[in-house]
Amino acid sequence: MRLSPILAAVAVLAAAGGAAAAPPELTLPPDMTVEADGPGGTIVTFSATATNSGRAVFPVTCTPPSGSTFPLGTTEVECAAVLSEEETLTGSFHISVRDSTPPTLTVPADLSLTAETSLGLDGTDERIAAFLAGAIATDVVTIEPPVVHDAPATFPVGTTAVTFTATDAAGNSTSKSATVAVIGPPPPGSPPSDPPPPGQPGPPSATTPPDRVPPGNPVGLAARTTSRTAFLSWRAPADQDLDRYEVLRSLASEPPASASRVYAGPVAGFTDRRLQNGVLYRYVVVSVDRAENRSAGAAITVMPRRALLVAPRDGARLSAPPRLFWARIRGATYYNVQLFRGRTKVLSAWPSANALRLSSRWRFEGRQLALAPGTYHWYVWPGYGRRAAARYGELLGPSSFVVVKR
């Protein structure tokens with residue numbers, strides 16, 4: 001973080017008008033590590049502020065901005081608050097995106113075969129070859145991770161365990177085993193097997209193997225957040241034997257193994273309440289079919305926030321002057337509202353109510369201004385007691401809107 005010597009030596013005036021305040025501070029999040037949500041990385045939300053003792057605000061621009069998709073690896077986020085044409089406050093932090101989630105591996109059903117000789121069966125037998133090719137691996141990040149096995153060249157009479165291992169591009173691996181039971185030929189002179197009694201079923205048919213194909217992932221996973229709440233929605237995959245979904249939740253900074261199941265059911269949506277505001281959570285939604293095969297899962301990262309600046313909604317596109325509306329703060333006798341167009345402050349007002357109707361034209365610091373097309377950022381602080389005392393509470397938060405041509 002860099003603060004110019006000139007700025008450090010010069011007192012900055014507070015928004016309340018004329019009172020000296022400390023130089024502004026750029027507040028950035030600490031370095032963070034999050035789990036990847038897909039091959040492209042993950043979307044990460046963060047906040048950065050530059051304030052002057054809670055009385056003045058300076059817009060902060062970060063590259064990449066909050067809400068960007070950060071790729072696997074470590075990305076440096078560079079932020080800057082422009083105080084004037086000559087002075088800029090800068091700082092940076094790092095976001096590391098890792099893949100520590102092992103693949104999901106489905107192995108074939110145990111196989112039982114009869115050999116014509118006591119030597120067993122060669123691994124090239126078409127039934128064994130189909131068994132060895134029957135393992136399926138899926139992964140959140142790596143598309144079609146490879147699967148290897150430790151099958152011997154020859155399967156002797158008896159039971160042989162085969163271990164399958166799937167490894168993704170990050171080196172995470174999953175191993176599971178299945179068995180091949182080879183039954184030797186009956187001794188010479190042995191009578192043939194007796195048929196089942198009338199009306200009784202015979203042995204299971206070997207021509208209908210059990211379902212070992214995992215279902216597809218939930219489609220179009222999306223999330224919306226409010227204070228302490230996340231709303232997840234998705235669409236069903238095309239599988240006809242889909243049984244249910246399972247939702248796993250963890251902190252984005254923790255390994256996936258720490259995830260807990262917060263939902264299991266047939267509905268394609270889930271509302272998670274009593275979360276902690278300002279905390280980054282990661283959800284994985286898994287499809288499960290009637291044979292208990294599981295998909296790798298679709299992942300998404302969200303951060304719930306308390307929305308104190310209510311209207312217009314953040315990022316709204318408007319063609320007329322809006323009415324700014326925010327949450328009423330207990331004990332506040334007035335509020336300081338500051339409006340910026342780009343990086344330039346164009347309005348500072350002190351309404352006693354928790355709302356302010358903007359005009360198409362107004363005067364500020366001796367200049368005639370108009371609500372021209374462009375992006376506007378607005379900030380609100382609660383004030384307590386007499387306005388001359390300049391006693392302000394914490395920033396209620398930033399929000400923005402875009403004015404477009406009619």
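Reader: Which backbone oxygen does the side chain of asparagine 336 reach?

Author: The side chain of asparagine 336 reaches the backbone oxygen of alanine 349, at 3.2 Å. The model is predicted: local features need pLDDT of at least 70 and side-chain atom pairs count only at pLDDT 80 or more, while totals for chains, interfaces and linings use all residues. Residues are numbered from 1 along each chain as its sequence is written, and side-chain values use heavy atoms, with hydrogens and water left out.

Reader: What makes the approach of the side chains of asparagine 336 and glutamine 338 a polar contact?

Author: A polar contact is a pair of N or O atoms within 3.5 Å; within protein, one must be able to donate a hydrogen and the other to accept it, and residues adjacent in sequence count only if both atoms are side-chain atoms. The side chains of asparagine 336 and glutamine 338 come to 2.9 Å, so the pair is called a polar contact.

Reader: With which glutamate does arginine 244 meet in a salt bridge?

Author: Arginine 244 also meets glutamate 246, at 3.2 Å from N to O, and both of these residues are buried. The two pairs belong to a network of salt bridges linking Asp243, Arg244, Glu246, Arg261, Glu292 and Arg294. By this rule the count comes to nine salt bridges.

Reader: What makes arginine 249 and aspartate 272 a pair that ties together parts apart in sequence?

Author: The side chains of arginine 249 and aspartate 272 meet in a salt bridge of 2.7 Å, N to O. Arginine 249 lies in strand S22 (residues 242-251) and aspartate 272 in strand S24 (residues 269-272), so the bridge ties together parts that are 23 residues apart in sequence. Arginine 249 is partly exposed because its relative accessible area is 24%; aspartate 272, at 6%, is buried.

Reader: Why are S20 and S24 called edge strands?

Author: Strands S20, S21 and S24 form an open sheet of three strands in the order S20-S21-S24, with antiparallel pairing. Strand S20 (219-226) and S24 are its edge strands: each pairs on one side only.

Reader: How do you know that S21 and S24 pair?

Author: Two strands pair if DSSP finds at least two bridges between them. Strand S21 (residues 229-235) and S24 have four bridges, so they pair, in the antiparallel sense. Within this pairing, serine 233 stands opposite glycine 269 in S24.

Reader: What is noted about the phi of glutamate 365?

Author: Most residues other than glycine have a negative phi, and most peptide bonds are trans. Glutamate 365 has a positive phi of about 50° although it is not a glycine. S33 and S34 form a hairpin with two residues between them, and glutamate 365 is in the turn. These strands pair in the antiparallel sense over four bridges, with phenylalanine 364 opposite arginine 367 in S34. Glutamate 365 is exposed because its relative accessible area is 65%. Glutamate 144, in the loop between strand S15 (136-138) and strand S16 (147-149), also has a positive phi of about 50°, and at 68% relative accessibility counts as exposed.

Methods
Salt bridge = Lys/Arg side-chain N within 4 Å of Asp/Glu carboxyl O. Buried < 20%, exposed > 50% of the residue type's maximum accessible area, 1.4 Å probe, protein only.
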